[in-house]
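Subject: Structure handover

Hello,

Here is the structure I promised you. My notes on it follow below.

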Amino acid sequence: MASFKPITQFKIKDVKNAYSRPILALFSSLYPEYIYAVKKARKPNSNLIKYNLVKLGHDLGFRVYANGLTPEQLEDQKLKYHFVNREFLFDIHWYRDKADYYYTPESISLVGESELGDRRKGDQSKRKNPAVMFDFQKLLVANAELRLLIFKVRNKEELEALDDYFIKAIRAYQLLRKGSPFLFVCFMHSSKMLYFSEKRKA
């Protein structure tokens, strides 16, 4: 677990990616009572996480696509930013369009996946956290300035195993450009602690 640090150790000057800084600052401000809205909740509140990332993206000047928002949240975004918010390819996107053109993205600064469950419906494999690994595959093939994965583990051992998987998966994918950045945000359910890690393609 050496590459993952508690969010309490987050310092802006130590974070390399420019988009990772406001994201980690956001999670640091939300942690932990707000995200675990119910003390004995089985997992963090996915809607609260995504909605705050949506608002952060808009505040930074991006167009934002996201899934899992309530009708009230969608209407709020439409009124404030004059933009209809829907899922595109990933759970969340921050992007910029070419001026005066529709459906012509110039750049995607963030793509994110949030997987707070243990396994996908119908998955009968004996692997631990297969849903997290399944979603991470999507980020490997993404063309963006930052790839964000938000996930949950039960304990330190599960986090160590996933950390090893992430490193090997990034190393294995041959079409990923050298230096491509990833940000990981992990909830450890046993302690209600929040951890983060930055990784790059070597």
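**Helices α1 and α2**

Helix α1 (residues 20-30) and helix α2 cross at roughly 135°, and their axes come within 11 Å. That makes α1 oblique to α2. Axes here are lines fitted to C-alpha atoms, for helices over the stretch in contact, and angles run from 0 to 180 degrees between N-to-C directions. Angles under 35 degrees count as roughly parallel, over 145 as roughly antiparallel, 65 to 115 as roughly perpendicular, and the rest as oblique. The crossing of α1 past α2 is right-handed.

Which residues make the contact? From α1 come Pro22, Ile23, Leu26, Phe27 and Leu30. From α2 come Ile49, Asn52, Leu53 and Leu56. By class, this contact has 8 nonpolar residues, 1 polar and no charged ones. Contact means heavy atoms within 4.5 Å. Nonpolar covers Ala, Val, Leu, Ile, Met, Phe, Trp, Tyr, Cys and Pro; charged covers Asp, Glu, Lys and Arg; the others, Gly among them, are polar.

**What you are looking at**

This is a predicted model, in which local features need pLDDT of at least 70 and side-chain atom pairs count only at pLDDT 80 or more, while totals for chains, interfaces and linings use all residues. Residues are numbered from 1 along each chain as its sequence is written, and side-chain values use heavy atoms, with hydrogens and water left out.

The protein has 5 helices and 7 strands. Along the sequence they follow the pattern β-α-α-β-α-β-β-α-β-α-β-β. Helices (H or I, at least four residues) and strands (E, at least two) are DSSP runs, numbered from the N terminus. Of the 202 residues, 48% are buried. Buried means under 20% relative accessible area, exposed over 50%, and partly exposed in between (1.4 Å probe, protein chains only). Take the contacts between residues at least 6 apart in sequence: 62% of them join residues at least 24 apart.

**More on α2**

Helix α2 spans residues 46-59. Its 14 residues reach 20 Å from first C-alpha to last, close to the 20 Å expected at 1.5 Å a residue. The expected span is 1.5 Å times one less than the number of residues. This helix is mostly covered, with 11 of its 14 residues buried. Among them are Asn47, Leu48, Tyr51, Val54, Gly57 and His58. Just after α2, Gly61 takes a positive phi of about 95°.

- Ser46 lies in α2. Is Ser46 buried or partly exposed? At 24% relative accessibility, Ser46 counts as partly exposed. Leaving aside neighbours within four places in sequence, Ser46 is in contact with Ser114 and Leu116. Ser46 and Ile150 are 104 residues apart along the chain, yet their C-alpha atoms are separated by 9.4 Å.
- Lys50 also lies in α2. Lys50 is buried, with a relative accessible area of 10%. Not counting residues up to four places away in sequence, Lys50 touches Asn67, Leu69, Asp91, Ile92 and Ser114.

**Helices α4 and α5**

Helix α4 (residues 130-140) packs against helix α5 (residues 156-172) at an angle of about 30°, with the axes 11 Å apart. The two helices are therefore roughly parallel to each other. Their crossing is right-handed. On the α4 side, Val132, Met133, Phe136, Gln137 and Leu140 make the contact. On the α5 side, the residues are Leu162, Tyr165, Phe166, Ala169 and Ile170. The classes are 9 nonpolar, 1 polar and no charged residues.

Helix α4 is mostly covered, with 8 of its 11 residues buried. These are Pro130, Ala131, Val132, Met133, Asp135, Phe136, Leu139 and Leu140. What covers them includes β4 (105-115), β5 (147-153), α5 and β6 (181-188).

In α5, look at Glu160. Glu160 counts as partly exposed, at 33% relative accessibility. Where is Glu160 relative to Ser3? The two are 157 residues apart in sequence and 9.2 Å apart in space, C-alpha to C-alpha.

Best wishes

Key. A crossing is left-handed if the near helix is turned anticlockwise from the far one by less than a right angle, and right-handed if clockwise.
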